[in-house]
Protein chains: 2
Amino acid sequence: MSDVKTGSAAAGSSSLDALLRPRSVVVVGASSDPSKRGYQVIPALRETGFRGDIHLVNPRGGEILGIPVTPTIEALPSGVDLALVCRPAPTVPGIIEECAARSVRGAVVLATGFREAGEDGATLEGRLREVIQRTGVRVVGPNTSGILNTRVGLNLIGARAVRPGSVALLLQSGNVALALMTEITERTSAGISVCVGVGNEVDVGFHEVLDWLGRDPDTSVVLMYADGFREPRALLETASRVTCRKPVVLLGAGRTREGATAARSHTGALAGAHEVLAAGLAQAGVTEVRRADELMPVGLALATQTAAEGGGVAILSDGGGYGVVAADALIEGGTRLAELGEATRARLRGILGARAAVGNPVDVGGPADADPTVFVRVAETLAADPEVGAILVIGLFGGYHIRFDPALEEAECSAARGMAEAMRRAGKGIVVHSMYALRRTSPLRTLEGEGVPVIASLDAACTATSALVRRASGRATWPPPVAVEPSGRLDEADVAAAVRRTRATAASGSSALTEPEARRLLATFGVPLGEAELCASAEEAVAAAERFGGPVAVKVVARGVLHKTEVGGVALDVRGGNAVRQAFEAMRARTPGLEGVLVSPMLPEPVAQVLVGARRDPGLGPVFTLGAGGVAVEILRDVVHRVLPVGPGEVRSMVGALKTSPLLLGHRGAPAVDLCALEAAAAGVARCMTQVDVVTEVEVNPLFLYPDGARAVDARVLLGGDS
Amino acid sequence: MSDVKTGSAAAGSSSLDALLRPRSVVVVGASSDPSKRGYQVIPALRETGFRGDIHLVNPRGGEILGIPVTPTIEALPSGVDLALVCRPAPTVPGIIEECAARSVRGAVVLATGFREAGEDGATLEGRLREVIQRTGVRVVGPNTSGILNTRVGLNLIGARAVRPGSVALLLQSGNVALALMTEITERTSAGISVCVGVGNEVDVGFHEVLDWLGRDPDTSVVLMYADGFREPRALLETASRVTCRKPVVLLGAGRTREGATAARSHTGALAGAHEVLAAGLAQAGVTEVRRADELMPVGLALATQTAAEGGGVAILSDGGGYGVVAADALIEGGTRLAELGEATRARLRGILGARAAVGNPVDVGGPADADPTVFVRVAETLAADPEVGAILVIGLFGGYHIRFDPALEEAECSAARGMAEAMRRAGKGIVVHSMYALRRTSPLRTLEGEGVPVIASLDAACTATSALVRRASGRATWPPPVAVEPSGRLDEADVAAAVRRTRATAASGSSALTEPEARRLLATFGVPLGEAELCASAEEAVAAAERFGGPVAVKVVARGVLHKTEVGGVALDVRGGNAVRQAFEAMRARTPGLEGVLVSPMLPEPVAQVLVGARRDPGLGPVFTLGAGGVAVEILRDVVHRVLPVGPGEVRSMVGALKTSPLLLGHRGAPAVDLCALEAAAAGVARCMTQVDVVTEVEVNPLFLYPDGARAVDARVLLGGDS
């Protein structure tokens with residue numbers, strides 16, 4: 001199989017300057033019809049103050065809005081930075097060709113009718129790709145809503161009245177782009193730096209733009225929408241670099257079968273198994289949201305605020321009900337509430353009165369009604385508590401002067417400054433929910449001016465606060481500086497021999513190792529395998545069983561038989577020579593090409609069992625999976641994924657993420673399993689996958705776990721041909 | 001134990017007329033200080049046009065805002081409908097007493113400092129309750145934000161500029177009330193009929209107000225917030241009546257430990273196990289939401305729209321991205337997308353072009369840009385498909401004239417009317433998400449005028465559409481017309497004897513039946529129990545084991561030993577006379593008060609095992625629980641609850657709601673279990689709980705399930721004293 005494409009992200013990124021920060025633009029397919037994009041873009045560029053040259057191309061010539069129209073691309077001056085192609089799909093490859101001849105550096109192709117439209121479109125897209133590869137013109141699209149860069153006044157997206165700012169949007173959808181720009185411009189004081197609709201990604205990919213945005217000094221946060229990535233591993237690599245510098249938030253859609261189906265008809269991208277992708281994105285430090293209405297609030301909070309590492313959230317509410325709702329939402333979102341220290345509580349009682357609720361939520365209702373500065377004193381007190389990582393202010397703040405007394409407006413503005421200052425000084429985060437958020441009252445605008453996010457939805461404010469706390473303690477963990485290693489030192493000569501042997505098996509056309517081969521390979525990588533003997537005859541099998549003593553398992557060995565149980569190729573708990581012989585004969589009778597049987601002693605009942613596996617995902621590359629064993633858990637799909645490589649400690653974090661982790665950690669007085677042994681087995685599987693290039697899938701299932709060790713009961717290794 | 005209070009709801013409800021629709025009001029604690037509620041209420045009543053008499057009481061006398069002030073309550077005219085008590089907590093019992101003397105019919109008590117404030121407050125609340133019971137004055141509060149009825153212009157809540165309408169709010173929280181009124185007034189064209197903050201419910205309870213609102217002709221939907229109910233079973237009884245006539249939506253908070261803790265310091269209510277309550281509310285037809293920002297959108301959708309029963313949702317989007325997000329959100333919310341018929345698709349292709357995405361979502365992007373009437377033709381086509389129960393329109397609708405061409409405004413308004421009309425004619429629901437919702441453009445106001453909910457959040461629009469579809473197929477199922485019955489006819493004489501016997505055991509002071517007693521009781525109610533023999537001596541035990549043949553279980557029988565395993569009182573798989581004798585002797589040695597041992601044959605391995613139980617919840621009354629068995633599932637808490645009684649069919653619906661239901665329904669070629677036998681066992685447990693008043697808890701765990709029958713392996717029955 002072909003290697004996953006990697007590493008191209010950084011290299012090509014400066015070539016995007018001409019596209020994303022152009023000094024000159026040509027509209028190919030300029031129009032004098034105001035309902036056409038080829039017309040609309042001209043006033044849009046003027047409105048946003050684009051200062052570079054604007055060229056127009058249309059065979060009719062003439063003049064549009066005072067700009068002379070060039071009849072052909074050939075007639076353009078050489079070296080225009082960017083062409084906006086407003087012409088139908090079939091003409092596009094030829095246009096790019098002509099652009100290349102005039103040294104146009106980049107193009108944005110709006111047309112639909114390519115891959116997303118079926119077979120003919122895919123053929124056309126192939127032709128376009130060929131032209132791009134040959135000419136080196138960098139192309140965004142096709143099937144894109146366009147691009148926008150407020151810094152240079154570039155507006156090729158048809159959006160009106162977009163406020164400049166530092167939020168970048170990177171999307172696969174024009175309507176999501178438009179909605180986000182509208183939302184940010186109308187409901188916040190933030191603004192947009194760059195917006196890129198990548199469309200079908202025939203050339204410029206999601207990860208390349210992300211890389212460019214990571215280095216764009218005008219961008220403080222990247223909000224992304226995608227319903228499937230063309231090069232997910234390259235995206236992870238890029239994201240893990242970018243998220244160290246600035247937050248990246250993704251609305252990942254196409255999670256369900258129905259959503260994925262809709263996504264295919266949309267961008268033509270094959271939606272992968274979302275859970276695996278989500279795991280990789282988390283490893284790369286990307287914050288994923290699952291609601292469209294939380295992308296913006298979470299992005300703004302991450303762009304402006306930083307929680308103190310390890311702290312919980314303190315809720316500051318002015319009334320009971322919303323405090324309860326917020327506590328539920330944070331806890332259900334997996335975020336800890338800060339346990340306020342006794343000194344903090346005493347100080348709060350000093351401010352709020354002896355009977356006030358000073359647990360967490362802290363209720364300022366009453367004392368604050370006539371004196372909003374109470375908010376500042378409470379915020380200062382909370383900021384001083386080492387348990388607090390961030391505070392979430394909820395309720396009426398910003399509307400006290402509406403609710404109670406117009407005279408309170410100035411006090412509220414001053415409280416807004418005071419709260420922001422207190423949290424900034426303490427190096428802790430603050431998020432404000434206000435039921436007056438949409439009115440954007442002066443105290444709320446003051447908060448925004450101080451860089452404090454003000455959010456209209458209580459629930460979204462909770463999600464944003466959770467995201468802050470999570471980012472404080474968990475930045476990108478991928479790729480790890482060192483990968484987890486099998487315990488003990490592997491014999492490198494053995495490993496090299498095993499790799500050669502496995503390659504030879506693959507080269508001979510086998511798509512899988514037999515179980516004895518798989519066991520031998522995995523043992524080389526330190527996976528703990530129980531005793532087992534390959535027996536070519538009934539006599540050998542009986543003798544092996546006698547040597548082991550006690551009941552044995554007898555399993556068929558034949559190249560090509562992968563699912564042994566389904567062909568009656570597994571006999572368990574076989575006792576006595578006669579039974580072993582019968583098992584052998586029955587398997588021989590049923591199995592053409594039998595190489596023999598594998599005889600192994602029955603293992604003692606484990607404390608718990610797991611699945612340990614790895615496979616090569618076509619997009620993400622090697623992916624490691626830990627799953628809980630047992631039939632009930634199979635139904636519940638209690639599995640956790642990580643993109644390889646993973647660092648030391650990651651396997652334990654995966655164990656903790658299993659819903660049934662208590663079974664491994666000592667449930668109801670049962671002993672805990674040997675996590676070191678599990679870790680070693682996992683590392684062996686991972687190392688086998690990364691080191692043996694012809695291996696496409698490894699599955700140890702079940703791995704029996706004991707208080708002092710682990711034993712693989714069965715092992716399966718699949719091979720891929722093209723290496 | 002005392003019976004759950006029931007049935008009081010209907011009786012007392014007309015007595016709420018004086019409170020909720022008063023003809024005269026007296027403000028006790030009227031004030032000339034504009035920062036006090038005793039002042040603010042006067043201009044508020046005038047602003048909202050209250051036409052009844054307004055009386056003021058303050059010892060200082062004089063005049064406030066032109067109204068003469070009466071120095072004492074005694075000096076009031078007799079028979080004022082409603083007193084608003086703006087005085088501090090300690091004075092309240094005396095004030096109610098004085099009100100009663102002047103035949104004041106109801107009172108709203110704002111003061112805090114009662115139960116929610118600790119022990120002294122609780123004592124004071126007790127005194128207040130005593131006065132109320134003695135005098136018959138109906139009291140809302142204390143610790144309430146007040147009440148409002150826009151129909152009669154009654155505004156005792158201090159909210160400004162509330163638009164009259166048909167949405168009723170019933171809450172435990174003042175800030176949630178204020179937020180909802182602000183949200184509805186500012187973001188929709190809907191308005192408020194009644195708003196009641198019940199506060200501590202010292203007298204008038206949540207369910208009484210709900211009952212009144214159910215009959216209030218001015219109310220079309222009830223939105224509730226609660227973080228714990230004082231009389232949950234009465235609430236269910238009331239809700240099951242009200243939800244047949246109008247939708248009831250609850251934001252139920254206090255779901256987590258942290259939320260419940262916050263709730264206690266808020267209203268002093270003991271938050272129950274939310275999952276049990278949620279199950280009961282669903283049985284009663286209440287729509288529960290778990291986000292504060294979805295209460296209003298869901299309520300408006302349910303108030304204005306009705307989905308066709310059994311249909312799925314068709315998504316009508318104008319661009320790809322949001323369609324994918326909506327598909328994910330609906331599916332993850334448990335709602336089916338309609339599978340559009342081929343005739344529908346063909347018609348849609350006729351409207352949208354041969355290449356359009358006419359699956360579901362249906363993408364009108366492109367064709368609709370210049371012609372919004374496309375929306376109407378698509379809506380008509382979808383409405384005609386019998387698979388479609390409701391449509392969800394998402395994207396830019398309402399802003400085409402902003403996005404593309406101002407001239408489209410009239411066409412959009414006309415399309416708004418056309419879509420609403422099409423769906424109304426078809427008797428199907430419609431919900432509209434628009435990114436221009438907050439601008440409330442003329443097409444969107446047109447939609448609202450036609451009774452179509454317009455929602456700014458895509459995610460909330462999906463939740464609202466899901467709620468529509470759910471309400472169409474699942475109204476109140478509780479209480480059922482007939483309860484599920486044990487299979488076969490019970491011997492009523494046996495039942496009567498069993499009830500007498502069990503009562504006698506309870507009367508003798510026992511808090512639990514022994515296992516043989518529990519088995520005998522449950523067998524009477526048709527629960528399938530395996531053979532078992534109570535043996536008083538080792539000899540009897542050995543003889544019993546011999547009669548059964550094969551391995552047996554030996555279990556200790558001693559009054560007071562409830563957890564047999566923990567005292568070494570269970571020996572499984574005991575083989576042979578010696579082993580049985582040893583087991584007996586060991587148990588006798590360890591167990592003072594041994595009555596004997598229970599010997600039973602080991603049962604064959606079941607296909608699956610479950611827990612079947614029932615208990616008397618202090619608030620909800622008898623509650624039935626079905627849980628999946630096995631240790632992994634215990635960790636995952638795979639349990640489903642229902643408030644008893646449940647109707648026939650409900651046990652199967654509970655099975656379907658288990659996460660591990662595939663284990664019962666035939667997983668991977670395994671046989672399905674005998675659901676009739678499970679149903680019969682469940683019915684027996686339920687009947688035992690409802691019929692034997694001294695039983696407080698029944699647990700059959702595990703119940704072994706086979707393809708042709710079921711067997712209880714262990715049974716536990718707890719008894720309560722006071723009957």
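User: Which strand does β15(B) pair with over 6 bridges, and in what sense?
Analyst: Strand β17 of chain B (residues 388-394), in the parallel sense. Strands are DSSP runs of E, at least two residues, numbered from the N terminus. Two strands pair if DSSP finds at least two bridges between them. This is a predicted model: local features need pLDDT of at least 70, side-chain atom pairs count only at pLDDT 80 or more, and totals for chains, interfaces and linings use all residues. Residues are numbered from 1 along each chain as its sequence is written, with chains lettered from A and ligands numbered from 1 in the order written.

User: What is the bridge partner of B:S317 in β17(B)?
Analyst: B:I394.

User: And how many bridges join β15(B) to β16(B)?
Analyst: 2, and these strands run parallel. In β16(B), B:V362 is the bridge partner of B:L316.

User: Is β15(B) buried or exposed?
Analyst: Buried: 6 of its 6 residues (312-317) are, so β15(B) is largely enclosed by the rest of the structure. Buried means 20 or more other C-beta atoms within 10 Å of the residue's own, with C-beta atoms placed from the backbone.

User: Switching to the interface. How many residues of chain B are in contact with chain A?
Analyst: 65, against 65 residues of chain A. Contact means C-beta atoms, placed from the backbone, within 7 Å.

User: Which element gives the largest share of chain B's side?
Analyst: α12(B), with 10 residues. Helices are DSSP runs of H or I, at least four residues.

User: What about chain A itself: how many helices and strands?
Analyst: 26 helices and 29 strands. Of its 723 residues, 58% count as buried.

Conventions
A residue is buried if 20 or more other C-beta atoms lie within 10 Å of its own, exposed if 12 or fewer, and partly exposed in between; C-beta atoms are placed from the backbone. Two residues are in contact if their C-beta atoms, placed from the backbone, lie within 7 Å.
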